[in-house]
Amino acid sequence: MRRLVALCGCALLALAGCQRAAAPAAPAAASAGEDQRAQARRIEADVRFLADDLLEGRETGTRGYDLAALYVAQRLRAMGVEPGGEDGGYFQSVPLLRAQRIDGGGTFRIERALGAVELRFREDYLPLPDFASGQAEVTAPAAFVGQAVHAPELEHDDFAGIDLRGKIAVFFNGAPARFDRDRRAFYSSTREKLAAVAQRGAVGAVMVSTDEEEKRYPWQRSARQWDKPGMRLRGADGGALDSFPQLRVVAQVAAARAGAVLDAGDRSAGELFRQARSGRLRGYDLPGTLSLAVRNRLEPALSRNVVGRLPGREPALADEHVVFTAHLDHLGIGAPVRGDAIYNGALDNALGVAVMLEAARQLQRGAAPRKRSLLFVALTGEEKGLLGAHWFAGHPTPAGATLVANVNMDMPVLLAPTTDAIAIGVEHSTLQAVLQRAAAQTGVALSADPMPEESIFIRSDQYAFIRRGVPAVYLIGGLSGSEAARGQLGAFLRGDYHQPGDDASQPIQYADAARLARLNARIGEAIAGEDARPTWNRGDFFGETFGAGAKP
């Protein structure tokens with residue numbers, strides 16, 4: 001294995017050398033079309049390497065991820081983007097705790113007057129890993145609290161009339177459909193729900209899947225990946241950050257077994273599912289008690305973000321940084337599907353990283369005035385909970401850097417020709433005007449979020465920066481220009497998302513990816529070249545909720 005790693009490292013360095021040799025600008029006679037085809041070929045080459053079986057799915061903390069990080073660092077070096085990480089290098093260390101479930105390492109027992117019911121590990125429920133000691137248990141009465149949402153500004157309180165002290169909170173995911181898009185996204189966050197029930201004295205939590213959820217993402221998919229390790233950021237004391245130790249056990253239950261937990265008197269899981277769709281959920285105390293236990297292995301781990309920098313040219317603004325991000329990790333090796341156990345992550349997110357690299361190359365070569373500095377960060381741990389992004393947003397490098405805007409690229413599903421791009425969250429800040437100008441310059445139409453009900457503005461790395469008060473936008477591929485595009489997106493989400501089928505054999509539209517890279521480059525030029533930094537719009541929900549410098 002050491003020999004293989006050494007050979008890979010030599011190959012990467014050789015590649016970097018070749019790229020240096022190819023660095024001179026194209027002859028003036030070269031057409032724009034030829035240059036655009038070269039951009040597409042570079043993006044394809046990056047995707048084919050990053051999504052190759054050699055990298056074993058790039059799971060955080062693995063050899064495959066480390067090879068991917070080395071590759072990205074050498075690509076940045078070869079194109080003349082200077083190091084932006086720690087100690088003058090391209091890497092930023094991200095300290096982690098890894099929790100590995102043990103098969104059968106848990107208990108879910110429901111005690112009622114008519115008897116006891118035991119749920120089955122994997123088939124019926126999965127405990128979330130315990131990051132305090134690796135072993136925990138709790139027996140307590142329980143209460144159903146709807147979707148665990150308290151939104152006083154919308155006169156909504158799922159906890160009304162419920163005393164959670166010393167109880168296990170049982171709830172659904174999501175947020176009421178009547179909420180506006182921003183609040184629905186915010187209150188759908190599992191983090192916010194766990195924080196809410198912990199603040200009200202709960203000692204455990206059970207998240208019950210609904211039938212609607214499992215139409216989109218069947219329980220069997222989660223159950224197949226039961227043995228994938230969970231991770232948290234690790235603090236200086238060795239303990240997990242961003243956890244809720246007062247919730248001694250947290251578990252997820254399949255929709256098919258919701259009735260065992262929720263049926264009581266005239267209440268049934270089926271009726272609660274209908275009430276969730278109509279926004280009429282009401283909390284109630286559950287009869288009997290729940291007994292939950294979890295057991296897993298716990299160990300420290302380490303991964304790396306990759307950071308490149310183009311310095312600003314105006315001394316008064318050079319410490320202000322526009323940060324481009326794309327997550328480099330994926331799911332690694334997992335349960336075989338049709339004989340394939342490597343979850344390559346070509347669209348999610350080798351393609352996003354490749355687009356970011358091409359944008360960096362164009363910005364490095366560009367002649368546009370650049371007052372502010374630009375950062376290009378390939379992030380670790382997105383699939384583990386946006387961990388690399390949260391770490392970087394709280395500990396930016398170079399040391400002392402001020403982050404003024406984030407442009408994130410994650411899973412551009414470019415499987416059919418399109419003419420547009422989708423800018424998620426652009427309406428929240430002055431970035432909207434910047435993107436509109438950049439899109440006009442590159443001949444790209446900007447389309448609205450096609451799936452607002454999925455709340456994806458909080459589900460990728462930009463959310464870590466938003467929580468720090470940094471205006472952000474999340475760019476994905478478009479859906480216009482081809483009748484096949486929307487169908488391809490749906491087919492990918494149903495069949496290949498987070499599956500081994502997300503590999504480089506897909507019909508990826510690299511010309512569209514090159515156009516997306518050009519759009520990113522124009523966005524970077526605009527933000528770096530303007531006198532004023534981006535700001536949240538007056539009265540914006542996320543700007544008012546977090547503000548500059550708020551704690552994550």
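Modeller: Contact here means heavy atoms within 4.5 Å. In this predicted model, and by that criterion, 43 residues of domain 1 are in contact with 32 residues of domain 2. The domain assignment places residues 37-99 and 300-546 in domain 1 and residues 103-298 in domain 2, and the C-alpha centres of the two domains lie 31 Å apart. About 3100 Å² is buried between domain 1 and domain 2, with carbon and sulfur atoms giving 55% of that area. On the side of domain 1, L97, A99 and F541 lose the most area to domain 2, and together these residues make up 25% of what that side buries.

Turning to the polar side of the interface, 2 salt bridges are found across the interface of domain 1 and domain 2, and the count of residue pairs in polar contact between the domains, both at pLDDT 80 or more, is 15. The elements that give two or more residues to the side of domain 1 that touches domain 2 are strand 2 (91-112), strand 14 (289-310), strand 16 (332-337), helix 11 (387-394), helix 14 (483-495) and helix 16 (541-546). Of these, strand 2 provides the largest share, 6 residues. Sorted by residue type, the side of domain 1 that touches domain 2 divides into 23 nonpolar, 10 polar and 10 charged residues.

Definitions and conventions
Residues numbered from 1 in each chain as written. Predicted model: local features only at pLDDT ≥ 70, side-chain atom pairs only at ≥ 80, totals over all residues. Heavy atoms only, no water. Domains from an automatic or database assignment. Buried area = accessible area lost by both parts, 1.4 Å probe. Salt bridge = Lys/Arg side-chain N within 4 Å of Asp/Glu carboxyl O. Polar contact = N/O pair within 3.5 Å; in protein donor to acceptor, adjacent residues only side chain to side chain. Helix = DSSP H or I, 4+ residues; strand = E, 2+ residues; numbered from the N terminus. Nonpolar A, V, L, I, M, F, W, Y, C, P; charged D, E, K, R; others polar.
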